Amino acid sequence: MERGPMVGAGQGAGTRVRALLGCLVKVLLWVASALLYFGSEQAARLLGSPCLRRLYHAWLAAVVIFGPLLQFHVNSRTIFASHGNFFNIKFVNSAWGWTCTFLGGFVLLVVFLATRRVAVTARHLSRLVVGAAVWRGAGRAFLLIEDLTGSCFEPLPQGLLLHELPDRRSCLAAGHQWRGYTVSSHTFLLTFCCLLMAEEAAVFAKYLAHGLPAGAPLRLVFLLNVLLLGLWNFLLLCTVIYFHQYTHKVVGAAVGTFAWYLTYGSWYHQPWSPGIPGHGLFPRSHSIRKHN
């Protein structure tokens with residue numbers, strides 16, 4: 001007979017706990033949403049600044065030219081000094097795949113939400129196809145340079161013995177080593193990806209200024225691209241500090257910058273190109289929302 005009030009009190013306590021948890025979840029979701037909107041607005045404003053974009057080119061040049069000097073002031077036993085570290089294997093070796101996945105999703109959402117036209121969306125996405133062709137072509141060119149400038153060596157306990165084998169294939173088939181001028185493909189790729197992502201992400205500031213649909217999914221995709229861009233900058237710094245010879249890194253970065261100039265800085269401004277980021281997305285007659 002005395003269990004009734006106890007059961008009722010237990011059910012009441014359980015209801016209050018569930019209500020408290022529900023309120024807590026709502027508060028956490030509100031905080032997460034506020035941080036998402038605030039972070040995306042600030043990142044868009046930062047990346048959309050023309051002055052900062054020009055300074056970004058200077059930053060990348062400084063990283064490649066002066067970054068190797070840091071090797072005398074950092075710990076050579078850190079995880080980033082190993083060719084087999086997690087970031088080098090999972091991210092640097094697949095940098096173009098990560099860039100295409102994240103940036104492709106961002107470009108797809110921005111262009112389609114702004115225009116609702118499949119053809120325009122496909123045209124803007126074709127910039128990534130061009131980027132993939134640049135990456136593949138540069139990789140083949142770097143291998144060709146190494147083949148043309150290389151020689152075949154046999155490692156011996158006393159040193160290296162030079163062989164007269166004519167090409168890389170026959171040299172490697174004989175179990176020897178082929179050594180030539182090796183342009184740093186990692187430095188090239190990270191530099192090209194950094195410049196490409198900074199250029200594409202800069203459109204989001206104008207997208208927001210025009211008051212176009214910018215829900216949580218789009219803002220989240222944008223911030224993921226910003227985080228990936230930050231990771232590429234960090235891994236580029238690690239690459240120039242720990243790996244490759246100095247001239248190999250500088251030449252790789254120079255080729256990456258030149259590839260950006262040929263595409264984003266020159267060709268994409270022509271009417272018979274995929275177009276620059278944001279081209280055709282923002283009609284001048286559209287009202288623009290001012291950012292304070």
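1. R219 and E41 form a salt bridge, with their closest N and O atoms 3.2 Å apart; the term denotes a side-chain nitrogen of Lys or Arg within 4 Å of a carboxyl oxygen of Asp or Glu. Because R219 belongs to helix α9 and E41 to helix α1, the pair ties together parts that are 178 residues apart in sequence. Helices here are DSSP runs (H or I, at least four residues), numbered from the N terminus. R219 and E41 are both buried, that is, under 20% relative accessible area (1.4 Å probe, protein chains only).

2. The model is predicted: local features need pLDDT of at least 70, side-chain atom pairs count only at pLDDT 80 or more, and totals for chains, interfaces and linings use all residues. Residues are numbered from 1 along each chain as its sequence is written, and side-chain values use heavy atoms, with hydrogens and water left out.

3. A search of the whole structure gives two salt bridges. One of them joins the side chains of R127 and E200, at 2.7 Å from N to O. This pair links distant parts of the chain, R127 lying in helix α5 and E200 in helix α7, 73 residues apart. Both R127 and E200 are buried.

4. The largest nonpolar core contains 59 residues, and F204, Y207, F222 and W232 have the most contacts inside it. Such a core is a set of buried Ala, Val, Leu, Ile, Met, Phe, Trp, Tyr and Cys residues joined through side-chain atoms within 4.5 Å. Among the helices that each supply at least two residues of this core are α1 (3-47), α5 (118-149), α7 (185-201) and α9 (216-242).

5. Leaving aside residues up to four places away in sequence, Y207 touches V110, L113, A114, L212, P213, A214, L218 and F282; contact means heavy atoms within 4.5 Å.

Methods: Buried < 20%, exposed > 50% of the residue type's maximum accessible area, 1.4 Å probe, protein only.
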